[in-house]
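Hello,

I am handing over the structure below, with notes on what was found in it. Please read them with the model open.

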Amino acid sequence: LLAVAAFAPADKRTDNIDMFVVLDRSLSMYHHVGDVRKIDAVKTYATSELIDGQLILGDFLEVIGFYGGTEVLFAQTVQTEADRTAAKRAINGLVEDGHYTDIGNALDTLRTEVEKRENNGRLKYVLLITDGIQEAPPASKYYSRDGSFNHEFLANTKTIQKKGWKIQLLGLGAGTAVLDLAKAL
């Protein structure tokens with residue numbers, strides 16, 4: 001694990017937040033790290049550490065799954081324990097069957113989703129969970145033959161942090177791709 005989200009634990013926080021979790025569900029997440037498949041580690045971390053450990057009732061949670069495309073899997077204010085269970089069900093339903101990995105496209109979707117909630121006065125917490133392997137489809141504006149990519153978030157990280165965002169990267173595995181992405185972020 002490269003970095004762990006620095007949220008205030010749920011039992012120490014009273015102000016509600018907006019939490020955005022962007023999860024890689026590409027085919028590369030099928031591979032194992034030790035005895036555990038990457039996608040299973042992601043599901044366990046997101047459900048137990050984030051939803052059970054960090055989220056308090058009244059927080060807004062959005063979960064975005066990505067591969068060559070993106071999809072919003074869950075987006076609502078968590079008002080009840082049933083809502084919390086629904087969020088965990090959405091995450092546990094992730095299947096690592098998506099062709100390609102377009103991190104740039106996922107960040108574009110994230111930006112659009114965060115902008116919808118930008119003026120509500122809440123702190124925004126963003127967590128990108130990926131193995132860092134960029135393999136955008138040929139039609140993507142982030143396509144490159146060598147797997148490199150550039151995104152405006154990489155240039156504007158300081159500006160985003162000044163807006164109250166906390167951008168964190170949780171890398172799975174020991175590959176240099178995730179280390180390079182973490183350094184850029």
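Where is Asp131 found? Asp131 sits in the loop between strand S6 (124–130) and helix H4 (152–155). Helices (H or I, at least four residues) and strands (E, at least two) are DSSP runs, numbered from the N terminus.

Before the rest, two notes on the source. This is a predicted model, in which local features need pLDDT of at least 70 and side-chain atom pairs count only at pLDDT 80 or more, while totals for chains, interfaces and linings use all residues. Residues are numbered from 1 along each chain as its sequence is written, and side-chain values use heavy atoms, with hydrogens and water left out.

Asp131 has 4% relative accessibility, so it counts as buried (under 20% relative accessible area; exposed is over 50% and partly exposed in between, with a 1.4 Å probe and protein chains only). Its side chain makes a polar contact of 2.6 Å with the side chain of Ser28. A polar contact is a pair of N or O atoms within 3.5 Å; within protein, one must be able to donate a hydrogen and the other to accept it, and residues adjacent in sequence count only if both atoms are side-chain atoms. A polar atom of the Asp131 side chain also lies 3.3 Å from the backbone nitrogen of Ile133.

Next, strand S4. 7 of the 7 residues of S4 are buried, so the strand is largely enclosed by the rest of the structure. Phe60, Glu62, Ile64 and Phe66 point one way from S4, and Leu61, Val63 and Gly65 point the other way.

S4 pairs with S1 in the parallel sense over 7 bridges, and Asp18 stands opposite Phe60 in S4. With strand S5 (residues 70–77), S4 pairs in the antiparallel sense, again over 7 bridges (two strands pair if DSSP finds at least two bridges between them). Here Glu62 stands opposite Ala75 in S5, and the two strands form a hairpin with 3 residues between them.

Last, the rings. The count comes to 1 aromatic pair (ring centres of Phe, Tyr and Trp, its six-membered ring, within 6.5 Å; planes under 30 degrees apart are stacked, over 60 edge-to-face, the rest tilted). The rings of Phe20 and Phe60 have centres 5.9 Å apart and planes at 55°, so this pair is tilted. The pair links distant parts of the chain, with Phe20 in strand S1 (residues 18–24) and Phe60 in strand S4 (residues 60–66), 40 residues apart. Both Phe20 and Phe60 are buried.

Regards
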